[in-house]
Amino acid sequence: MQELRILFSLMVGSKRKYVDPSRAVEILKDAFKSSESQQQDVSEFTHKLLDWLEDAFQMKAEEDREGETPKNPMVELFYGRFLAVGVLEGKKFENTEMFGQYPLQVNGFKDLHECLEAAMIEGEIESLHSAENAARSGQEHWFTELPPVLTFELSRFEFNQALGRPEKIHNKLEFPSMLYMDRYMDRNRDVTRIKREEIRRLKEHLTLLQQRLERYLSYGSGPKRFPLADVLQYAMEFASSKPVCTSPVEDIDSSAPPGGTTGQPLSQPSTAEQDPLPPLESSGPASLPTTAATAAQQQRVLHKPFTQSRLPPDLPMHPAPRHITDEELRVLEGCLHRWRSEVENDTRDLQGSINRIHRTIELMYSDKSMMQVPYRLHAVLVHEGQANAGHYWAYIYDPHQRCWMKYNDISVTKSSWEELVRDSFGGYRNASAYCLMYINDKKPFLIEEEFDKETGQILSGMDKLPPDLKQHVRGDNELFDKEVQEWDALQIRKAQQEKLALVAAAAAAAAAAAGATPAASSTSPSSSSPQPMSIESSPPDNTVAQQEPEYMEQPSPTNDSKHLQEDTERAISRAAAEQEGRSPEALLNASPPAPPSPQPKVQRRTPTEPPLPELVLADESPGQRTVEVAIPNVGTFVIESEEGGYDDEAMMTPNMQGVIMAIGKSSSVYEKNGPETAFFKAIKLEYARLLRFAQEDTPPENDYRLQHVIVYLIQNQAPKKILERTLLTQFADRNLAFDERCKSIMSVARAKLDLIKPEEVNMDEYEMWHQAYQNFRETTILMMTGLELFQKTNYTEALMHLIYSYQYNKELLSKGQYRGHDDELLGHYRRECLLKVNEQAAAMFESGEEPEVTTGIGIMNDLVVPCIPLLLIHDAERDLLAVEDMRNRWCSYLGQEMEPNLQEKLTDFLPKLLDCSAEIKSFHDPPKLPTYSTLELSERFSRVMASVGRVPSNGR
């Protein structure tokens, strides 16, 4: 009871979008748990809830009473009384009974008043006020006291004896927004009985009139019937048609081909072209004139499907009498005109009498004396689905906004009477009202604003609550405000971090573009350590440099020089002075030194090859490989190396291309200052290039993250040390050992890697970031494969790829904006693919063929049904509409005639489809992923993304 008070008070005064009812629901579930552990019907649940609340209020009332009879607000608000008057085996009786929800049968009735009339009278009511037939039994119900809130329980379920299961009744049942209950009150018993007797007499007369009208509208003695007025009109049209003096077959030339075209005579068929139809018995001339026959023999008969089917121009449009005199026609037309006028007048009189009787019945209770107990519709509870599964929502009228509100789970939206009628009356689809709540329109306190007794001001929201609940709601609102503040602060910090990262990245890019070289910066003039690698922008001279990792400050253990550290410092200074003002691109044209004979021979060519990398095998000697490697924007390398000396596929990766290009741009620094200085120059250039990629706003088909892990790490703000180690690893790749310069720089990078201490770079964190990138690649493969299959209309196979890619992508995006792909695009194609699969399965079911039906139901059970909770869990509007479309497609079969085995399959399947729980049930294993090289993945992803384009703005 306390949890319900808290729940309702939060609904009144909470600042949250919706209130979580879990605690109250769990208590209710425990209280209503049955021994059989079966799901409670909604009417049973409502009955038990009202009984429970009644008991709780009764206990509270008895505790607080002071010598007076305790008042139970539940009883006063929801319970009324009726008088049962009747005859049982010839004996009259009267009993007063209490009711809460009044049950009404739906099947066989068109509106609420018909349901009420049937519910108020049971058995043979004639004996109730007649001395004859006293042995008959029956009873009438008359309301003696109506509750302020009048609830009608509409019974839309019945048990199908043939199938042995309950079924929902989808028949249309209309109900008014204003219901007058006077005719059902005990105080109006006598008046109501008189009016009911009058209505009964009018309905009997109405039945006779309708039967007479039916004879006019369906005239004839055969299986086909027509309106009598139309029959007379047709007879008059026949008699008035132009007389025909010959038989309808006499004027058709038997020697002509079908359609009236003149062809070759049948008596002398041509050997080259013969009429495939058998010859007709000629009733006309035996032969055509000689000249015509000769011309016909010389002319090839052509089939003209659109002209040969036309009637000859001299034939009448309709059949006509052969012989009729003017006198006969005049008499017949006069009779037919008169008879038709009489029939039309009789039909109008019958229809007018029927309409007047209908109007009289409708206005039978419209006098003021029978409109004194008005009840206004306040709430409608709607069920969509079948007897054993479905979804519930409610329409509640807001008197202050003067509109209907739709309460659908956590969504509360404005609605209209038209939408309520569409969803609640039934007959339109598988949604219909199962409970109606009316409130007494003469008791405005039920919905009007409350006023403060002392100040007279209107009480609204929190002011209506008692002090304890008011305090609880205030506490929850304060907690919510704190949560909002913390969330806002978190978003501000994230935005600031992103802004700082972008500023720092832009500064680094600017420094790299300006030809910045790794010059040593120290606060002490006597410092002699070389400039450490830094992927951040270098600080100005008047600032203190940041502390760099020790492994970058230590000299690399190479054999180039005994004092490499001092030489590197001097080389950096000279390189900075000599290369100042030269762009990194200018270094590309610098000629490398001739490689020694023991090393692979490399020849530089001008970059005249196509932009895509190519491998061209040249003549090979035993144990040697000669390969041309075309690097975009770099040139073509002819590489000779020992077998297995490098990986062809690795040489084609965008990472390797970038590294080789950076080393090529630092060739002059390498010649003058040695490998370590060139290493710093190359790594700066490569990072600046990747940083520009990370900052570009590119279309989805040009996703640099798939080509470069560094771009992925930069965009997702990976720690600096993770970026440094990843970049070092790329420069330490063994495939760079194809010439002296690249091999020397590779050795420097490997030496730097060897100097890294465990405490400087957390390897667990390093592996975590690279595993995250691997997850991004796998999600991309799933997405790409799913989109390719979708374009090939292989929807069933595409669905699993799109479902899993969407789920994985959602997990990635939860950790960062740049960790995954566009969720709207993925969601669009996931939704479209699901609709396509549903359409295919429905088409199989509609075929009626047993194998097709079984396959279609199997697709729904194995693929579509498990996917429904995935669309419902995020409560996206387009996903909800798609689910509604799929359910409506299958529910539309309920009103159609079909074989019993199809009906049984449909009845077994629909509860699974209509299950609205968001619980993820058994599902297929993820599809097996093929292995793609970085280049192949990038190219295929680019093609498929360019073909699918953007998500339509109005896409479902």
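**Helix packing and cores in a predicted model**

The secondary structure of this protein comes to 27 helices and 19 strands, and the model is a predicted one.

Trainee: Happy to start! What share of the residues in the protein is buried?

Mentor: Good place to begin. A residue counts as buried when its relative accessible area is under 20%. Of the 956 residues in the protein, the buried ones make up 40%.

Trainee: Which residues have the most contacts inside the largest nonpolar core?

Mentor: Nonpolar side chains tend to be buried together in soluble globular proteins. Here the largest nonpolar core has 104 residues. A second, separate core of 36 residues includes Leu104, Phe143, Phe152 and Leu420. Back in the largest core, the residues with the most contacts are Phe679, Phe731, Leu787, Leu799 and Trp890.

Trainee: How many nonpolar residues are in the contact of α24 with α25?

Mentor: From α24 come Ile857, Met860, Val864, Ile868, Leu871 and Leu872, which meet residues of α25 including Leu880, Val883, Met886 and Trp890. Asp879 and Arg887 of α25 also take part. The contact of α24 with α25 has two charged residues and no polar ones, and the nonpolar count is 11.

Trainee: And in which hand does α19 pass α20?

Mentor: Helix α19 (residues 720–731) and helix α20 (residues 740–754) pack at about 140°, with axes 8 Å apart. Arg725, Leu728, Thr729 and Phe731 of α19 make the contact with Ile745, Met746, Ala749, Lys752 and Leu753 of α20. By class, that is six nonpolar, one polar and two charged residues. The crossing of α19 with α20 is left-handed.

Trainee: Last one: where is Thr793 found?

Mentor: Thr793 has a phi near 65°, a positive value in a residue other than glycine. At 48% relative accessibility, Thr793 counts as partly exposed. Thr793 is found in the loop between α21 (763–791) and α22 (795–813).

Conventions. Residues are numbered from 1 along each chain as its sequence is written. This is a predicted model: local features need pLDDT of at least 70, side-chain atom pairs count only at pLDDT 80 or more; totals for chains, interfaces and linings use all residues. Side-chain values use heavy atoms; hydrogens and water are left out. Axes are lines fitted to C-alpha atoms, for helices over the stretch in contact, and angles run from 0 to 180 degrees between N-to-C directions. Helices (H or I, at least four residues) and strands (E, at least two) are DSSP runs, numbered from the N terminus. A crossing is left-handed if the near helix is turned anticlockwise from the far one by less than a right angle, and right-handed if clockwise. Contact means heavy atoms within 4.5 Å. Ala, Val, Leu, Ile, Met, Phe, Trp, Tyr, Cys and Pro count as nonpolar, Asp, Glu, Lys and Arg as charged, and the others, Gly among them, as polar. A nonpolar core is a set of buried Ala, Val, Leu, Ile, Met, Phe, Trp, Tyr and Cys residues joined through side-chain atoms within 4.5 Å. Buried means under 20% relative accessible area, exposed over 50%, partly exposed in between (1.4 Å probe, protein chains only).
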